[in-house]
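This report is intended for a reader meeting the structure for the first time. It begins with a single residue and then widens to the surrounding elements and the chain as a whole.

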Amino acid sequence: MAKAAQKSVSVTQVRVAFECPRLFYLAARFGGRTLFGSGAGVGIAFHQLADACAHELRSTRLPGTALSLTEPSQLAQQLQQHLYRRVFFPYLQKVASPAQVATVQ
């Protein structure tokens, strides 16, 4: 039995699914475009953060990555912490109010 090709889901589709699950279903089932006004720029922010994370991973040699790939959970945790400190938290500091940033530190 052949596996079905896995489809990717765009940021816009995720936003539509949150805002109107029925519209998400109809668009997926019958095709067509969904006509929501521009939101808070979630898609743009997502792509900027994804690009920044990819750039950071390409340009950084993480300490301890010689852990070996036999401990993927430790490696995943290191990557998550590194990207949070180097990419996500600085982004948060730029776009959020000081009170919001203090709650996520």
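Glu56 counts as buried, because its relative accessibility is 8%, and the cut-off for a buried residue is under 20%. The model in which this value was computed is a predicted one. The side chain of Glu56 meets that of Arg86 in a salt bridge, with a distance of 3.6 Å from N to O. Glu56 belongs to helix 3 and Arg86 to helix 4, so the pair ties together parts that are 30 residues apart in sequence.

**Helix 3 and its two sides**

Helix 3 covers residues 42-59 and has 18 residues. From its first C-alpha to its last it reaches 26 Å, close to the 26 Å expected at 1.5 Å a residue. Which residues of helix 3 are buried? They are Ala45, Leu49 and Glu56. These residues cover an arc of only 30° around the axis, and they therefore lie on the same side of helix 3. The buried residues of helix 3 pack against helix 4, which spans residues 72-95. On the other side of helix 3, Ile44, Asp51 and Arg58 are exposed.

**The earlier part of the chain**

Helix 1 comprises residues 11-19 and includes Phe18. Phe18 is exposed, with a relative accessible area of 69%. Together with Val9 and Val14, Phe18 makes a nonpolar surface patch of about 320 Å².

Another phenylalanine, Phe24, is found in helix 2, which runs over residues 21-30. Is Phe24 buried, partly exposed or exposed? Phe24 is partly exposed, because its relative accessible area is 30%, a value that falls between the limits for buried and exposed residues. Leaving aside residues up to four places away in sequence, Phe24 touches Gln13, Val16 and Ala17. The C-alpha atoms of Phe24 and Thr12 are separated by 10.0 Å, and these residues are 12 apart along the chain.

Arg33 counts as exposed, with a relative accessibility of 74%. Its C-alpha atom is separated by 9.6 Å from that of Leu23, 10 residues away along the chain.

The accessibility values of the individual residues discussed above are collected here.

| Residue | Relative accessible area | Class |
|---|---|---|
| Phe18 | 69% | exposed |
| Phe24 | 30% | partly exposed |
| Arg33 | 74% | exposed |

**The chain as a whole**

The protein chain has five helices and zero strands, and its pattern along the sequence is α-α-α-α-α. Of its 105 residues, 13% are buried. The chain exposes about 8,800 Å², of which carbon and sulfur atoms supply 60%. How many of the contacts between residues at least 6 apart in sequence join residues at least 24 apart? The share is 34%.

Note on methods:
Residues numbered from 1 in each chain as written. Predicted model: local features only at pLDDT ≥ 70, side-chain atom pairs only at ≥ 80, totals over all residues. Heavy atoms only, no water. Patch = residues over 30% accessible without salt bridge, like charges linked within 9 Å, V, L, I, M, F, W, Y side chains within 5 Å. Areas by Shrake-Rupley, 256 points an atom, 1.4 Å probe, with all protein chains shown as cover. Salt bridge = Lys/Arg side-chain N within 4 Å of Asp/Glu carboxyl O. Helix = DSSP H or I, 4+ residues; strand = E, 2+ residues; numbered from the N terminus. Buried < 20%, exposed > 50% of the residue type's maximum accessible area, 1.4 Å probe, protein only. Contact = heavy atoms within 4.5 Å. Expected span 1.5 Å × (residues − 1). Arc of directions from axis to C-beta.
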